[in-house]
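Subject: Structure handover

Hello,

Here is the structure I promised to pass on. Please open it first, then read the notes below.

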Amino acid sequence: MDIVSHALWTNILYLKARRHALWGVACGILPDIVSFGPLYLQLIFFPEDAPSIEWARRDAGQIPAYVFTLYDWSHSLVIFSGVLLAARVAARRIWWPMFGWGFHVLIDMFTHTSAFFPTPFLWPIADAHDTSIDAVSWSHPIFIAANVSALVVAYIALFVLHRRSTMGGPSASRTYDKTH
Ligand SMILES: [Zn+2]
């Protein structure tokens with residue numbers, strides 16, 4: 001899925017845990033920054049050595065091998081679970097924003113085709129091409145329309161609910177304060 005949608009859906013995931021939301025969203029977009037950030041830096045600073053984005057979109061063979069390596073490490077539920085466990089043991093507590101990372105992998109599993117960047121969620125146990133779910137690509141126009149519509153509906157609903165709760169809450173307690 002695109003990085004903005006990842007951020008917006010992850011923000012909703014932390015709806016009931018707002019103090020973790022900022023870092024949760026950061027963890028939610030990190031897998032794509034880790035995978036594709038270096039390629040974009042290469043395009044900016046060493047464009048002569050990098051494939052154009054247009055070429056890369058048409059032919060994954062044009063994309064440097066290191067991008068796939070980074071993609072394997074950052075888009076695996078096996079690696080995510082290992083790091084989560086290691087952090088739990090080292091810090092003796094769970095750092096809840098890390099679940100943004102796992103949520104990113106789950107979303108990608110169902111929004112990528114097996115032809116272009118299938119999600120290697122079981123790597124290094126199994127290869128992405130053997131395990132990927134051949135889902136509708138997030139870049140398909142119908143999927144984009146459905147995703148944007150769902151986000152708009154979700155954020156309008158959240159806005160309305162938030163307004164209702166803030167309008168009911170503080171004014172009621174203020175009345176209570178004046179009379180007591
Ligand atoms: Zn991703």
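Which residues in α1 meet which residues in α6? On the α1 side they are H6, W9, T10 and L13. On the α6 side they are G100, F103, H104 and I107. By class, this contact has four nonpolar, four polar and no charged residues.

Before going further, a caution: this is a predicted model.

**The α1/α6 pair**

Two packed helices are described by the angle between their axes and the distance between the axes. For α1 and α6, the axes come within 10 Å. They cross at roughly 125 degrees. The two helices are therefore oblique to each other. The crossing of α1 and α6 is right-handed.

**The overall fold**

The protein has eight helices and zero strands. Along the sequence the pattern reads α-α-α-α-α-α-α-α. There are 180 residues, and buried ones make up 19% of them. Take the contacts between residues at least 6 apart in sequence: 57% of these join residues at least 24 apart.

**Helix α2**

This helix covers residues 21-45. Where does α2 bend? The bend is at I33, by about 40 degrees. The buried residues of α2 are A21, G24, V25, C27, G28, P31, S35 and F36. What covers them includes α1 (3-13), α4 (65-74) and α6 (99-109).

**N11**

N11 sits in helix α1. Leaving aside neighbours within four places in sequence, N11 is in contact with A21 and V25. Both A21 and V25 are among the buried residues of α2.

Why is N11 classed as partly exposed? It has 19 other C-beta atoms within 10 Å, and a residue counts as buried only with 20 or more. Exposed would require 12 or fewer. N11 therefore falls in between, as partly exposed.

**In short**

Best wishes

Methods. Residues are numbered from 1 along each chain as its sequence is written. This is a predicted model: local features need pLDDT of at least 70, side-chain atom pairs count only at pLDDT 80 or more; totals for chains, interfaces and linings use all residues. The bend at a residue is the angle between axes fitted to the seven residues ending there and the seven starting there. Helices (H or I, at least four residues) and strands (E, at least two) are DSSP runs, numbered from the N terminus. Two residues are in contact if their C-beta atoms, placed from the backbone, lie within 7 Å. Axes are lines fitted to C-alpha atoms, for helices over the stretch in contact, and angles run from 0 to 180 degrees between N-to-C directions. Angles under 35 degrees count as roughly parallel, over 145 as roughly antiparallel, 65 to 115 as roughly perpendicular and the rest as oblique. A crossing is left-handed if the near helix is turned anticlockwise from the far one by less than a right angle, and right-handed if clockwise. Ala, Val, Leu, Ile, Met, Phe, Trp, Tyr, Cys and Pro count as nonpolar, Asp, Glu, Lys and Arg as charged, and the others, Gly among them, as polar.
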